[in-house]
Number of protein chains: 2
Amino acid sequence: MPDHTRPPGRRVTIYDVALDADVSPSTVSRAFSRPSRVNSETAERIRQVAERLGYRTNPLARALTTSRTQMIALVIADITNPVYAEIVRGAQEVAADGEYTTVLIDAQESDRLERAAVERTMSTVDGIVLASSRMSDSAIRMVAKQRPVVVLNRALADVPCVVTDDPRGVRRAAEHLGELGHDHITYVAGPQASWPNGVRWRSLLEAGMELEIKVRQIGPFSPTLAGGERAAQELCARPATAVLAFNDQMAIGIIRGLSRMGVNVPGDVSVVGFDNILAADIVTPGLTTVAAPLYAEGSAATRHLLTMIEGAPGHTGRPMVLPVRLVVRDSTAARNPSPGRARPGWVRQRPVPGPAVRLP
Amino acid sequence: MPDHTRPPGRRVTIYDVALDADVSPSTVSRAFSRPSRVNSETAERIRQVAERLGYRTNPLARALTTSRTQMIALVIADITNPVYAEIVRGAQEVAADGEYTTVLIDAQESDRLERAAVERTMSTVDGIVLASSRMSDSAIRMVAKQRPVVVLNRALADVPCVVTDDPRGVRRAAEHLGELGHDHITYVAGPQASWPNGVRWRSLLEAGMELEIKVRQIGPFSPTLAGGERAAQELCARPATAVLAFNDQMAIGIIRGLSRMGVNVPGDVSVVGFDNILAADIVTPGLTTVAAPLYAEGSAATRHLLTMIEGAPGHTGRPMVLPVRLVVRDSTAARNPSPGRARPGWVRQRPVPGPAVRLP
DNA sequence: GCCGCGGCGGCAACGGGTTGCCATGTATTG
DNA sequence: CAATACATGGCAACCCGTTGCCGCCGCGGC
């Protein structure tokens, strides 16, 4: 067992292993990267020497020639939004299974930051999942031209997409509210740069048409608790009995804001959210919300990305659509009749000049 | 302007730029990495050619020789725990400022997964922040021997650490409960592998001693809503009037579990959490909790890591301690006297055989 | 006129694997 | 037994920057 001593500070390389195992460096390389290409006994010997020496293959050096880093980037719009936690889990699980490491990038709801981060990371990863990207379509296409890309929560021609069936979710929510006697619904909009925001509003428009429910939109507001609270104030100025919020955080903010002003949810106003975050279940009243299969979103997108990296063409036709479901809790209830009044009676703020309900 | 056409599929390299700018590749390299080393006019020309050709320096190739990837790893125990969101923000902000990319790793509360991920990532990053590591001390030291490491939420000799002043937080909580008339406090333990878990319990032990409050511990439970609900059941078996939970999620779970069993918080039992997550503010009752400067934790740890990477020795003496504060909300209240009974009267589960309050 | 020095650029080795191609030896086939 | 096929391992080029060292040139000083 020859023990060629090396300067101890250096990393162990295939050359060290080769010396010790009395083979050429290329054989060592092959013993790890294409074991079938070398005699199994030799491979075993090499593996043992490598073990003894503590050899670890250097991913960077490998990447230099293979141009495969075994890393993928996952870009999310806002890490403080709990929605992404499960998406990240799903993505990371699949990635880890495929021996990929995930680089998580938080775009902080900023187009600019997102582009900068993607720019910086692009060359070191084998592919990118853009979850709720705030970048422009053209920017995304630019990226997709250079690396495999899967877009999540957004549909975009020529780029593989994974989306949730928001139209159906909105429809379910509208039906639910309709059954409770509500004849108009206010949509509280989230970020304009958010693709689902537009989809949800348009779906509500359609659902309203078919179900004969009037709809209108207020906003945009920041998709946060604070944004919801601001929306609540505006809701007081233009009252409604049923509200569909862009997401759960806003919905919870709305409920809070309303109750602070003495408005009862669901007594006076029914509120529906989107996403079914954990908090939706622990607030009082529990939030009725449209649940998306978050984990599945992350894993499906990543799975698709990995097949593209392995050379598959990338399914750019129709986006992959994941099902959603309506989770009914206590923030929705039968419409308060408030008879004899044209407008719901709970306005405590300054009186409203215009008509309370405006059609879009 | 010579326009040597290259096969279009290939990336532009310094060699392409060199050819076009009529200099040697090394000059191109220097024009970017040590501009002072080359004539400013030459450098400018090179920069223009590079721009025209769309040259981007390949970070991997650079890393191969410099052994600097400009990436750091941030390992967190559980991405679904909202506590880490702000920590990640803080870390990423500082990293981005220093032109570093952050690789986020979710250990999913698993020692094994954490080690595997660290192992896999170690060689591609310049340094590592271990936030709430679940690995053993020796495993951490092993990692620290190979790469700069900063440990967050854990103290460990010979490795730079950033911790929060949990003892003070626990003390404040105990004082608060004491002032409300509680004379014993039950600590609901979180993961045993969690370092703060031990600190919090020991701090409570000490605080109890000084304040003449009896303390005991139950658990461990999983640091989640579900864990808290399980703890609530056990709390019913061994009642208490004041509870300090390992974290907010457990505290919220406890409140839920208790109310489901007809126990009123804070009427019958006061509950204090740890972390001050967003949900602590939106649950009913609002959760009294010990708030940590999460963003500062992430940024301080990362800042320290970057200085180590730049060659600073790494301050391994006393850990850096960040201040905490007690946020009082509605989950704590004056102790319900329940006169004439040795044990609080709210036990609805099977009766308890042993003494209700057991000293540790 | 000679020497020394600083500025600038090039050469070539290097980092650590990967891989196309060839040489050798053995097994298979006709 | 010759001819072909296959298994195995080595050689050397390559991936793309980085950097130590050297050479050239021009300038200033003596």
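Me: Which element gives the largest share of the surface near DNA strand D?

Reply: This is a predicted model. Around DNA strand D there are 25 residues, with Ser24(A), Thr27(A), Asn39(A), Thr13(B) and Ser26(B) coming nearest. Two or more residues each come from helix 2 (25-33) and helix 4 of chain A, and from helix 2 (25-33) and helix 4 (59-66) of chain B. The largest share, six residues, belongs to helix 2 of chain B.

Me: Which element gives the most to the surface near DNA strand C?

Reply: DNA strand C is surrounded by 26 residues, and the closest are Ser26(A), Ala61(A), Ser24(B), Ser26(B) and Thr27(B). At least two residues each are supplied by helix 2 and helix 4 of chain A and by helix 2 and helix 4 of chain B. With six residues, the element that gives the most is helix 2 of chain A.

Me: How many polar residues does the surface near DNA strand C have?

Reply: The surface is divided by residue class, and nine of its residues are nonpolar.

Me: How many nonpolar residues has the side of chain A that touches chain B?

Reply: The contact draws 32 residues from chain A and 31 residues from chain B. On the side of chain A, the elements giving two or more residues include helix 5 (83-97), helix 6 (111-122) and helix 11 (248-260) of chain A. By class, this side of chain A has nine polar and six charged residues, while the number of nonpolar residues is 17.

Me: Is His184(B) buried, exposed or partly exposed?

Reply: His184(B) lies in strand 6 (residues 184-188) of chain B. A residue is buried if 20 or more other C-beta atoms lie within 10 Å of its own, and exposed if 12 or fewer do. His184(B) has 18 other C-beta atoms within 10 Å, so His184(B) is partly exposed.

Me: Which strands stand at the edges of the open sheet of chain B?

Reply: Six strands of chain B form this sheet in the order 7-6-8-9-10-12, with mixed pairing. A strand at an edge has a single partner strand, so one side is left without a neighbour in the sheet; these are strand 7 (214-218) and strand 12 (325-327) of chain B.

Definitions and conventions:
Residues are numbered from 1 along each chain as its sequence is written. Chains are lettered from A and ligands numbered from 1 in the order in which they are written. This is a predicted model: local features need pLDDT of at least 70, side-chain atom pairs count only at pLDDT 80 or more; totals for chains, interfaces and linings use all residues. Two residues are in contact if their C-beta atoms, placed from the backbone, lie within 7 Å. Helices (H or I, at least four residues) and strands (E, at least two) are DSSP runs, numbered from the N terminus. Ala, Val, Leu, Ile, Met, Phe, Trp, Tyr, Cys and Pro count as nonpolar, Asp, Glu, Lys and Arg as charged, and the others, Gly among them, as polar. A residue is near a molecule or strand if its C-beta atom, placed from the backbone, lies within 6 Å of it. Two strands pair if DSSP finds at least two bridges between them.
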